[in-house]
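Welcome! Keep it open beside you as you read.

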Amino acid sequence: GYGQPEEQRAIESTRNRVVMAYDGEIDVDTVAIHAIPIPQEFAAGRADRSITVAMAFDPPTRRFRREYLAARMKIDLYRNIELGALTETLVKQKQDNSIGLVQDRRRVDAKLKPSSETVLRSTLQVRRWRATHATSLDVDDGDTYYLVVTHISEPWAHLADPDYVTQSYALAIELE
């Protein structure tokens, strides 16, 4: 899958690399927004840079079915947007599915590889944005990006486990 873990890289940051971690829970069928501080030096740098996001979660499962996971989770990365405006957009989109998410350069999802559709059914997702030229990141995009984590339960999940009201998950975000 994703190779061998390297203990030193997992637990230590260096001069050119920082890792931020989160371990917590999300209510089922909701969204959590995580602020990612982006130092001006990182955004204005001329060297190749990358933002890597890893997420792991452990939904209930059932045996002998094609769709055996009780839930899916996905991540989206946003820049150059105020938290209030992002929250308002997500609330409107949840209330009316015909309202789309932000589709301009503020939504970085298209730059994260592999695509969200590729990893949507995986309980371990690693996605990376490689900023390979100086203008990939812009200091005018602000000093905070937002990582949106969305939980989507399957219709049968509550029948299989009535106590399934929260989902534990962990995030690691690397700026290098």
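Arg-107 and Asp-76 are both buried. The two residues form a salt bridge, with the closest N and O atoms 3.0 Å apart. Please keep in mind that this is a predicted model. The points below begin with this pair and then move on to other parts of the chain.

**Salt bridges**

- A search of the whole structure finds 6 salt bridges.
- Another salt bridge is formed by Arg-79 and Asp-141, whose closest N and O atoms are 3.6 Å apart.
- This second pair links distant parts of the chain, 62 residues apart: Arg-79 is in the loop between strand 4 and helix 3, and Asp-141 is in the loop between strand 5 and strand 6.
- Arg-79 is buried, because its relative accessible area is 2% and buried means under 20%.
- Asp-141 also counts as buried, at 3% relative accessibility.
- Arg-121 and Glu-154 meet through their side chains in a salt bridge of 3.5 Å, N to O.
- Arg-121 lies in the loop between helix 4 and strand 5, and Glu-154 in the loop between strand 6 and helix 5 (157–160), so parts 33 residues apart in sequence are tied together by this pair.
- Salt bridges that share partners join Arg-72, Arg-121 and Glu-154 into one network.

**Nonpolar cores**

- The largest nonpolar core has 25 residues, and those with the most contacts inside it are Ile-51, Leu-77, Leu-147, Val-149 and Tyr-169.
- Several elements each supply at least two residues of this core, among them strand 2 (31–37), helix 2 (40–44), strand 3 (49–57) and strand 7 (166–175).
- Another core, of 7 residues, lies apart from the largest one and includes Leu-86, Leu-90, Tyr-146 and Val-148.
- What does Leu-147 touch, leaving aside its neighbours within four places in sequence? The contacts of Leu-147 include Ala-32, Ile-36, Val-53, Ile-75, Leu-77, Leu-171 and Ile-173, and also Asp-76.

**An aromatic pair**

- The whole structure holds 1 aromatic pair, according to the search.
- Tyr-22 and Tyr-169 form this pair, which is tilted, with 5.4 Å centre to centre and 45 degrees between the planes.
- Distant parts of the chain are linked here: Tyr-22 is in strand 1 and Tyr-169 in strand 7, 147 residues apart.
- Tyr-22 is partly exposed, with a relative accessible area of 32%, whereas Tyr-169 is buried at 2%.

**Strand 3 and its partners**

- Is strand 3 largely enclosed or open? Of its 9 residues, 7 are buried, so strand 3 is largely enclosed by the rest of the structure.
- Strand 3 and strand 5 run antiparallel and are joined by 8 bridges.
- Ser-50 has Arg-130 as its bridge partner in strand 5.
- Strand 3 also pairs with strand 7 in the antiparallel sense, over 7 bridges.
- Ala-56 has Ala-170 as its bridge partner in strand 7.

**Two loop residues to look up**

- Arg-17 is found in the loop between helix 1 (7–11) and strand 1 (18–27).
- Arg-17 is buried, with a relative accessible area of 6%.
- A polar contact of 2.6 Å joins the side chain of Arg-17 to that of Glu-174.
- Beyond four places in sequence, the contacts of Arg-17 also include Arg-9, Ala-10, Glu-12, Leu-175 and Glu-176.
- The C-alpha atoms of Arg-17 and Ser-50 are separated by 9.5 Å, and the two residues are 33 residues apart along the chain.
- Pro-60 is in the loop between strand 3 and strand 4 and is partly exposed, with a relative accessible area of 23%.
- Pro-60 and Ala-70 are 10 residues apart in sequence, and their C-alpha atoms are 5.4 Å apart in space.
- Not counting residues up to four places away in sequence, Pro-60 touches Ala-70 and, among others, Tyr-68, Leu-69, Asp-161, Tyr-164 and Gln-167.

Methods. Residues numbered from 1 in each chain as written. Predicted model: local features only at pLDDT ≥ 70, side-chain atom pairs only at ≥ 80, totals over all residues. Heavy atoms only, no water. Core = buried A, V, L, I, M, F, W, Y, C linked by side-chain atoms within 4.5 Å. Buried < 20%, exposed > 50% of the residue type's maximum accessible area, 1.4 Å probe, protein only. Helix = DSSP H or I, 4+ residues; strand = E, 2+ residues; numbered from the N terminus. Contact = heavy atoms within 4.5 Å. Polar contact = N/O pair within 3.5 Å; in protein donor to acceptor, adjacent residues only side chain to side chain. Salt bridge = Lys/Arg side-chain N within 4 Å of Asp/Glu carboxyl O. Phe/Tyr/Trp six-rings, centres within 6.5 Å; stacked < 30°, edge-to-face > 60°. Pairing = 2+ DSSP bridges.
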